[in-house]
Amino acid sequence: MTKHQTVERGTAKIRGGVATDERHDSAHKHVTGEAVYIDDMAEPIGTLHAYLGLSEVAHGTIRSVDLSAVRAAPGVVAVLTADDVPGVNNVSPTGRDEEPIFARDTVLFMGQPIFAAVAETREQARRACRLAKVEYDALPAVIDVVEAGETPRLVTDPLTLQRGDAAHAIAAAPRRLAGTMRVGGQDHFYLEGQIALAMPGEDGDMQVFSSTQHPSETQHMVAHALGVSSHAVTVDVRRMGGGFGGKETQANLFAAVAAVAARLTGRAVKVRPDRDDDMIATGKRHDFLIDYAVGFDDEGNIRGVDFTYAARCGFSADLSGAVTDRALFHCDNAYYWPAAKAVSAPIFTNTVSNTAFRGFGGPQGMLGAERVIEEVAFATGRDPLEIRRKNFYGGEGRNVTPYHQTVEDNVVERIVAELEADCDYARRRAEIAAFNRDSPVIRRGLALTPVKFGISFTATHFNQAGALVHVYTDGSVHLNHGGTEMGQGLYVKVAQVVAEEFQIDIDRVKITATTTGKVPNTSATAASSGSDLNGMAAQAAARTIKQRLIDFAAEFYELPREQIVFLPNRVRLGNQELPFEEVVKQAYVARVQLSATGFYKTPKIHWDRDAGRGHPFYYFAYGAAAAEVAVDTLTGESMVERVDILHETGRSLNRAIDIGQIEGGFVQGMGWLTTEELWWDDKGRLRTHAPSTYKIPLASDRPKVFNVALADWSEAHEPTVHRSKAVGEPPFMLAMSVLHALSDAVASVADHRICPRLDTPATPERVLMAIERLRAEAAAG
C-alpha cells in the first residue's frame with residue numbers, strides 16, 4: 001500500500017454504518033415481488049393443507065358435531081378436533097385461562113375454531129369445512145361492553161393508578177365537567193395474512209415456518225400442543241408481510257394447528273385462512289368506553305382527573321391485562337395531572353379475544369387525555385393548544401406521572417414550539433376562521449397535538465434480548481438475533497450497528513432469518529423495543545469478538561491496546577494497517593474464537609402492579625403533529641389537506657427508515673380514527689370482515705401536503721444503542737391531530753361554543769351527526 005493510498009483510505013467511511021440512510025434490506029424485493037414469504041416457499045412433496053371450521057354462534061353449548069361429510073369430501077386426509085391434540089389444547093399466552101385450539105363443549109364467540117379439515121389442496125380443505133353439521137344450544141351473549149352491566153365479568157384483574165386525591169381535587173376545583181367517549185377498535189389488516197407451514201422430523205421434532213412476531217412463544221405453544229419439550233420444536237421467521245401486533249399471540253393458533261396436523265399425518269402441513277376468516281377468527285385493537293371527570297379553573301389549569309377505561313376484551317385474557325394497563329399509563333399523554341385516578345375494566349365479551357396492536361392501549365389512553373383537554377378548552381373559550389401548553393409536564397413539582405415515575409427527559413414544549421412556528425399555526429388558524437365565516441358548506445379545522453409515549457415492555461421480564469454473531473475467515477459476518485422483521489426495518493438497523501462496531505461495509509454483514517434454533521427465549525418484537533433490545537445485544541456480541549481481536553493483536557504485534565484501532569474495512573496496528581479480513585485470518589490461525597453471543601437487559605425499569613407505582617418505562621419518545629382538514633357539512637365527508645410532523649428519534653440509526661415509520665404510522669393511525677370501523681351485529685357476527693366493508697386508508701387518503709421532520713437536536717436521555725430512540729409505535733398517535741382538526745371543523749358550525757365530543761372512528765356518518773347535533777343545540781340555546 002502506498003502512502004497516497006493510505007491517506008485516501010484513511011478518509012473513507014464504511015458504507016451502511018450507523019446514522020446513514022441505508023435502504024431497507026428487502027425494499028427492492030418487496031416492490032419486485034422477489035421477497036419470499038411463507039406462501040412463496042417451495043412446498044415439500046406431499047404437503048397437505050389445513051383449514052379451520054368455525055363456530056356459527058356467539059355463545060352456546062355444542063349439542064352435536066357431525067363431520068362425516070367432511071371426512072368423505074374429495075381430497076380430505078384427516079379431520080382434527082380437540083380429541084386429536086396430543087398435548088395441551090390451549091394457546092393462551094398467559095396460561096392463566098383457556099384459549100382452546102379447538103372448542104370442545106362450548107363456543108364463546110362466533111368464528112371460534114371447532115375443527116380443521118386437512119386435505120391435498122387448500123381449496124379442498126376449505127370446501128370440506130362447509131360440509132360440517134354442528135348443532136348448538138344457544139346461550140345469552142354479551143357483545144358490547146355496554147351490555148355487560150354494572151358488575152361485568154372481567155377477563156383479568158383491573159388496575160388502579162392513583163396520585164393525590166382526585167375526587168377532592170375535582171370537587172374543590174372552580175369548574176367541573178364529566179363525559180363519556182367511545183373509541184373504536186381496529187383490524188391489523190396485515191398484507192400477508194396468518195400462515196404457518198409445519199414439517200415433521202425424526203424423533204418427534206417439528207420445524208415450523210410461522211408468520212409470528214414472537215417465535216419463542218410460538219415454539220412453546222406448539223410444543224405444548226404436541227406434548228413435547230421446547231427443544232423438539234424450531235420456529236423460523238425470515239419476514240412477515242406486516243404484523244402491527246396482530247402476530248404477537250394470534251399466530252400461535254395457526255402454528256399449533258399445522259403442527260398437530262403434521263404430527264398426525266406425518267406430512268408437511270400448511271395453514272392459511274382467507275382474509276374473511278382471518279378477520280373473523282383473530283383478535284384486534286381493543287375498543288374502549290372511557291368515562292372521565294375533570295376539575296379545572298377559569299384559566300384552563302387542570303386540578304384533577306378521574307378516568308375509567310372499559311375495554312371490550314373478548315372471550316379470554318390474551319394480552320388484555322397489559323393493554324388496559326398501558327392505556328392507563330398513557331391517560332396523561334404529555335400532561336401533568338396534579339391529582340389523578342385511573343381505573344381499568346378489562347371486560348369479558350362473547351367476541352374474538354382482542355390483542356396487541358401498535359401502541360398497545362397507549363393510543364386509547366391518550367385519546368381520553370386529549371378529550372379532557374378539548375373539553376376544558378371549549379368550556380373556557382380558549383384555543384386547545386393554549387390549554388395543552390398550560391398543562392404540559394414541567395420541572396420539579398410538575399414531573400411525576402400518575403404511576404409515580406418521574407419524567408426526566410421532557411422535550412414536549414420544545415417540540416411543540418418548533419412545530420408551531422414551522423407550520424405557521426397562528427396565521428393559518430386566523431385564515432381558517434376567516435374562511436369558515438364565508439363558507440356555507442365546506443368548513444376547515446386545524447389542531448396541533450403532542451405525543452409522549454413510554455418505551456419498554458410493561459412486563460419487566462420481556463425487556464431482554466439475545467444475539468449471535470459469527471466472523472468468518474474471509475472477514476464476512478453472520479448476524480442472528482431474536483427480533484423479527486415485519487417491514488419495519490429492524491434487520492437493517494441491527495446490521496448497521498454490527499457494521500459500525502467492526503467498521504466494515506454493511507454488505508459484509510449477512511442478515512439471517514430469526515430462528516429459535518440460534519437465539520433462544522426471545523421476547524416478542526413489540527413495544528417499539530426491537531432496535532433498542534436486539535441492537536444492544538448484537539452490539540454486545542460484536543464487541544466481545546472485537547475485544548478478542550484487540551487482545552490477540554496486542555499480544556501478536558506486541559503493541560499497547562490503545563494503538564489498535566478499527567478503521568473503515570481495516571485495522572491500524574501501531575504504524576501499519578491491515579485489511580480487516582487479514583487480522584481475522586491471523587486470529588483464526590492463533591485459535592481465537594470468532595463467534596460470540598450477546599445479551600442485553602434494559603436497566604432501571606421496575607413495576608409494582610399491586611401498588612400502582614414504579615418505573616415501567618426506560619424513557620419516553622416525543623413528537624407533535626399539526627393537521628388541517630376540510631369537512632363537507634352536507635355529507636360529513638372530509639379530506640386531510642395538510643399535516644406537519646416533528647418527531648424525535650434520538651440519534652437516529654437510520655433517518656430514512658425512521659421517516660418511513662413515522663409516515664406509515666401516522667396514516668395507519670388516521671385510518672383508525674376516521675375510516676376503519678369494526679361492527680358486530682346483535683348476534684355477535686362481525687359484519688366488517690373484508691375490504692368491501694372495512695376501509696383502510698388508500699394512497700389517495702394521505703394528506704395532500706405531508707411534511708415530516710426529525711428533531712435533529714434529539715438525543716436519548718439514557719444510554720440506548722447509539723443514543724437512538726424507538727420509532728415503531730409513537731408516530732401512530734400523532735394522528736390524533738386529525739381527529740381534533742375534524743372536531744375543530746365541526747365546532748365551527750356552532751361558533752366553537754359547544755364541544756363536539758366526536759367518538760371514533762369519525763366516519764362521515766358520525767361527523768355529519770355531530771354537525772346536526774351542534775346546529776340543533778346552538779339553535780336551542
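Biologist: Does Glu123 count as buried, partly exposed or exposed, and at what relative accessibility?

Modeller: This is a predicted model, and the value is computed from its atoms. Glu123 has 34% relative accessibility, so it counts as partly exposed.

Biologist: With which side chain does Glu123 meet in a salt bridge?

Modeller: The test is a distance: a side-chain nitrogen of Lys or Arg must lie within 4 Å of a carboxyl oxygen of Asp or Glu. The side chain of Glu123 meets that of Arg126, with 3.7 Å from N to O. Both residues belong to helix H4 (residues 122–129) and are three residues apart, about one turn of the helix. Arg126 is also partly exposed, with a relative accessible area of 23%.

Biologist: Which residues are linked in a network of salt bridges?

Modeller: The network joins Arg122, Glu123, Arg126, Arg127 and Asp274. The whole structure contains 55 salt bridges.

Biologist: How far apart are Arg414 and Glu418 in helix H12?

Modeller: Sequence spacing is read against the helical turn. Arg414 and Glu418 are four residues apart in helix H12 (residues 412–422), which means that about one helical turn separates them. Their side chains meet in a salt bridge at 3.0 Å, N to O. Arg414 counts as partly exposed at 42% relative accessibility, and Glu418 counts as partly exposed at 26%.

Biologist: Which pair links distant parts of the chain?

Modeller: Glu677 and Arg766 are 89 residues apart. Glu677 sits in the loop between helix H17 (655–674) and strand E29 (705–710), whereas Arg766 is in helix H19 (residues 764–780). In their salt bridge, the closest N and O atoms are 3.2 Å apart. Glu677 is partly exposed, with a relative accessible area of 25%, and Arg766 is partly exposed with 27%.

Biologist: Where is the cis peptide bond with omega near 0°?

Modeller: The backbone angle omega identifies such a bond. Here the bond runs from Thr760 to Pro761. Pro761 is found in the loop between helix H18 (736–747) and H19.

Biologist: Which residue has a positive phi of about 60° although it is not a glycine?

Modeller: That residue is Asn569. It lies in the loop between strand E21 (564–567) and strand E22 (570–573). With 15% relative accessibility, Asn569 counts as buried, because buried means under 20%. Lys604 is another non-glycine residue with a positive phi, about 75° in its case. Lys604 lies in the loop between strand E24 (595–601) and strand E25 (606–608), and at 43% relative accessibility it counts as partly exposed.

Biologist: In what order do the three strands of the open sheet with antiparallel pairing stand?

Modeller: The order names neighbours in the sheet. Here it is E21-E22-E23. E21 and strand E23 (576–579) stand at the edges; each has a single partner strand, so one side of each lacks a neighbour in the sheet. The twist from one strand to the next averages 25°. Four bridges pair E22 with E23 in the antiparallel sense, and Leu573 stands opposite Gln576 in E23.

Biologist: How many strands form the open sheet whose pairing is mixed?

Modeller: Five strands form that sheet, in the order E7-E15-E14-E13-E8. Its edge strands, E7 (160–163) and E8 (175–183), each pair on one side only. With direction ignored, neighbouring strands are turned by 10° against each other on average. E8 and strand E13 (residues 288–296) run antiparallel and are joined by nine bridges. The bridge partner of Leu177 in E13 is Val294.

Biologist: How much space lies in the second largest pocket?

Modeller: Rolling a probe the size of a water molecule over the atoms shows where empty space is left. The second largest pocket holds about 960 Å³ of space. It is lined by 37 residues, and the closest to its centre are Thr94, Arg96, Ala322, Ala459 and Phe462. Helix H6 (215–226) and helix H9 (320–329) are the elements that give two or more residues to this lining.

Biologist: How do the residues of that lining divide into nonpolar, polar and charged?

Modeller: The lining of the second largest pocket has 13 nonpolar, 15 polar and nine charged residues.

Note on methods: Residues numbered from 1 in each chain as written. Predicted model: local features only at pLDDT ≥ 70, side-chain atom pairs only at ≥ 80, totals over all residues. Heavy atoms only, no water. 1 Å grid on protein atoms, 1.4 Å probe; cavity = no way out; pocket = protein on both sides within 12 Å on 5 of 7 lines; lining within 4 Å. Points joined across faces, edges and corners; volume = space filled by probe spheres on them. Nonpolar A, V, L, I, M, F, W, Y, C, P; charged D, E, K, R; others polar. Pairing = 2+ DSSP bridges. Axes fitted to C-alpha atoms, helices over the stretch in contact; angles between N-to-C directions. Buried < 20%, exposed > 50% of the residue type's maximum accessible area, 1.4 Å probe, protein only.
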